[in-house]
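Please walk me through this protein, taking one feature at a time. I would like the general idea before each case.

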Amino acid sequence: MEPAVRSGAQAGAQTSKQAGAGSKSRSRRRWRKGKLRASSFSHGMDLRTMTQSLVTLTEDNMAFFSSQGPGETARRLSSVFAGIREQALGLEPTLGHLLGVAHHFDLDTETPANGYRSLVHTARCCLAHLLHKSRYVASNRRSIFFRASHNLAELEAYLAALTQLRALAYYAQRLLAINRPGVLFFEGDEGLTADFLREYVTLHKGCFYGRCLGFQFTPAIRPFLQTLSIGLVSFGEHYKRNETGLSVTASSLFTGGRFAIDPELRGAEFERIIQNLDVHFWKAFWNITEIEVLSSLANMASTTVRVSRLLSLPPEASEMPLTSDPKLTVTISPPLAHTGPGPVLARLISYDLREGQDSKMLNSLVKSEGPRLELRPRPQQAPRSRALVVHIHGGGFVAQTSKSHEPYLKTWAQELGVPIISIDYSLAPEAPFPRALEECFFAYCWAVKHCALLGSTGERICLAGDSAGGNLCITVSLRAAAYGVRVPDGIMAAYPVTTLQPSASPSRLLSLMDPLLPLSVLSKCVSAYSGTETEDHSDSDQKALGMMGLVQRDTSLFLRDLRLGASLWLNSFLELSGRKPQKTSVSTADTVRSTESMRRSVSEAALAQPEGLLNADTLKTLTINDLSFKSSTDGNTETSGTPEMSLSMETLGPSTPSEVNFFLRPEKEEADAKDGVGSVDRGPRVRAAFPDGFHPRRSSQGVLHMPLYSSPIVKNPFMSPLLAPDSMLKTLPPVHLVACALDPMLDDSVMFARRLRDLGQPVTLNVVEDLPHGFLSLAALCRETRQAAELCVQRIRLVLTPPAAPLV
């Protein structure tokens, strides 16, 4: 009987555990539903009501925890609620001011979107979360199940985020005061840029990558971002251990256990990675989806198509008829920049097998990708489609191929019923500008001329692309117009970057918290694409060090890390004690600077440039206003030339390095710096951006070095179409822009649409809410991303549908 009794007791205990687990699960579900309802209710409030409600709750919680005795947790809870109250009261007037004037920067009343609105919305999301959490604490603080430490950690994380958002709001307010009415990008020369350069890059970012990761996005996106961040920091560790970084596999994405359970550690490591790792790391990480295992899984989950073939277009010159006189032709030369003539790869995707797609000529161009499984019997050929989509993928000009974007392209092929050819252009930094543009233009002309081989009659052609691909779609159209050949019937550009000139704008301030487009990563991509990336001499340096030198270097790095760890621990201890660890912070930064020059590995290649390299005569300020009011004579000069008129690296001259990021350094201030003045005067202007008593949190990763070369090449209209003169923009076909409200590149789309609208050019702008940059690659993730991807399909369908004939 004893075994039976023991077994019954075990069963009862198991049942009790299951009931307890079920109760906890139901409790978590109720809490999440309550959070969503509270979030919806909070977003329905006006800003002042939300702030007043939050202040009332924080004061109530402060009074409660202050009366709970001298305990450390109670003291910190009282302190964090006091901080939330202070930041909310300080932030509300600034947000109200920004919101009151934001409508002046919209494209029109039907499209209320710009960086000022996005910044206010992001701050409201943070306030709404704190309001919900404060209510939760007020309702459950007396319960024996109240997890004080967990709630304290979350409150402290969101307080840090709110503090940094307040700093961004003040920066946006300064932009608003200096910019011309209706202009989103900074064009001034009053020293504000240098203030941004020194102040903005030192702001603490780790709080946005830990517990607060993705708080501004739709809830369905957040689990993906958390998984991505864990994979990123784990990948970074493996990359750091591999000198080349090329042998890292997908297994590196699944070994980040401690980062999964420690959000603060994950946020700090995320911040370190984005600040220190070079563009080769991001190229390797962004290409992780193209390894065999992950790409096979993506293909199995995507739409099945009849045709998905990689073509190799031969580098042979061809003749194209001029649109003005089809009897005349122009020679389209193969790509030549940097690496000389070479084939261009492109992927043909078609839901149905159409006439021409299995011809001998096309088969001779197919590049083998290994065995591919035929899931369905060979069908009868469908007739050629009347339309064709030419697609150019994104990836910051440095990463990914058509294979990365194949899943959603297959869906497009099914829904549109037309063949799609996606161009695999050469990537930077190995092939900087203008190589990618030359290859995309060459492939576009080849597709127009050989559309019958692709299964289309070519009656309607749409250029479509996302991010960097959207930029290339626009510039390919400009180049086609410059050559005088057929331009596409329309462009669909999803969240494109339209200016690579390092200008500040309110939406680009969001790069401080964006996990997909951090500021330093943007800078490295632009630096690589413009051909001004610093060379990595890690291999030669390590060979020069020798064995003993490597041992001495590693010992020094170990001691540096030990001192840094102790310093950071002391720093955090003093913060918890309510003291200001100013001396500790300085010593930590000095420690990092003193030993940073010893690190020569690929994993930390962002080295400071010697001061001797700095040249005061760098990029001259070229404003959008200057380009908009160019004379017609200048405009004709831009567009009436021969095919060789495209401004290449050689035409614009060599670049000059400068320690800048995504913010311009005014010409006047450079002159002051050369004369040795201005450095003292800039300090008061920086402090003037913040009210007395407000101090944003600074990065614990030491001084941030982002070597971005300020080069005249970024003013090239074929690199930054937003800066193109009016005469060039008037040659564009109808443009359909799909942007993200929370994307650092939002202002690129808004200002580009405004320029086209002012010129009388047909343009539409749709802005999707609560989604990150790159949502097309996440189309299968949730309902919101599917709807956004469907919006892109609708815009393409508008281009492919012939306009209705006028009634007689």
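**Reading the features**

A: A search of the whole structure finds 20 salt bridges, a salt bridge being a side-chain nitrogen of Lys or Arg within 4 Å of a carboxyl oxygen of Asp or Glu. This is a predicted model, in which local features need pLDDT of at least 70, side-chain atom pairs count only at pLDDT 80 or more, and totals for chains, interfaces and linings use all residues. Residues are numbered from 1 along each chain as its sequence is written, and side-chain values use heavy atoms, with hydrogens and water left out.

Q: How many helices and strands does the protein have?

A: Helices (H or I, at least four residues) and strands (E, at least two) are DSSP runs, numbered from the N terminus. The protein has 26 helices and 10 strands.

Q: What share of the residues is buried?

A: Buried means under 20% relative accessible area, exposed means over 50%, and partly exposed lies in between (1.4 Å probe, protein chains only). Of the 808 residues in the protein, 55% are buried.

Q: Which residue forms a salt bridge with Arg75?

A: The partner is Glu72, and the closest N and O atoms of Arg75 and Glu72 are 2.8 Å apart. Both residues belong to helix α3 (residues 72-101), and because they are three residues apart there, about one helical turn separates them. Arg75 is partly exposed, with a relative accessible area of 35%. Glu72 is also partly exposed, at 42%.

Q: Where in the chain are Glu430 and Lys283?

A: Glu430 and Lys283 form a salt bridge whose closest N and O atoms are 3.4 Å apart. This pair links distant parts of the chain, 147 residues apart: Glu430 is in the loop between β6 (420-424) and α14 (435-449), and Lys283 is in helix α10 (residues 279-286). Lys283 counts as buried, with 14% relative accessibility.

Q: How far apart are the closest N and O atoms of Glu784 and Arg783?

A: They are 3.4 Å apart, and the two residues form a salt bridge. Glu784 is partly exposed at a relative accessible area of 23%, and Arg783 is partly exposed at 49%. Elsewhere, salt bridges with shared partners join Arg460, Arg486 and Asp489 into one network.

Q: At what angle do the axes of α9 and α16 cross?

A: Axes are lines fitted to C-alpha atoms, for helices over the stretch in contact, and angles run from 0 to 180 degrees between N-to-C directions. The axes of helix α9 (residues 263-276) and helix α16 (residues 519-529) cross at roughly 20 degrees and come within 8 Å. Angles under 35 degrees count as roughly parallel, over 145 as roughly antiparallel, 65 to 115 as roughly perpendicular and the rest as oblique. α9 and α16 are therefore roughly parallel to each other.

Q: Which residues make the contact between α9 and α16?

A: Contact means heavy atoms within 4.5 Å. Ile274, Gln275 and Asn276 of α9 make the contact with Ser520, Val521 and Lys524 of α16. For residue classes, Ala, Val, Leu, Ile, Met, Phe, Trp, Tyr, Cys and Pro count as nonpolar, Asp, Glu, Lys and Arg as charged, and the others, Gly among them, as polar. In these terms, the contact of α9 with α16 has two nonpolar, three polar and one charged residues.

Q: How do the axes of α3 and α5 cross?

A: The axes of α3 and helix α5 (residues 148-178) come within 9 Å and cross at roughly 25 degrees. That makes α3 roughly parallel to α5. The contact of α3 with α5 has 19 nonpolar, eight polar and four charged residues.

Q: Is Ile221 buried or exposed?

A: Ile221 is buried, with a relative accessible area of 0%. Ile221 lies in the loop between α6 (192-200) and α7 (222-241). Not counting residues up to four places away in sequence, Ile221 touches Leu771, Pro772, Leu778, Leu781, Cys782 and Thr785. Ile221 and Thr785 are 564 residues apart along the chain, and their C-alpha atoms are separated by 8.9 Å.

Q: Which residues is Thr51 in contact with, leaving aside its neighbours within four places in sequence?

A: Thr51 is in contact with Ala88, Leu89 and Glu92. Thr51 lies in helix α2 (residues 47-66) and is buried, with a relative accessible area of 4%.
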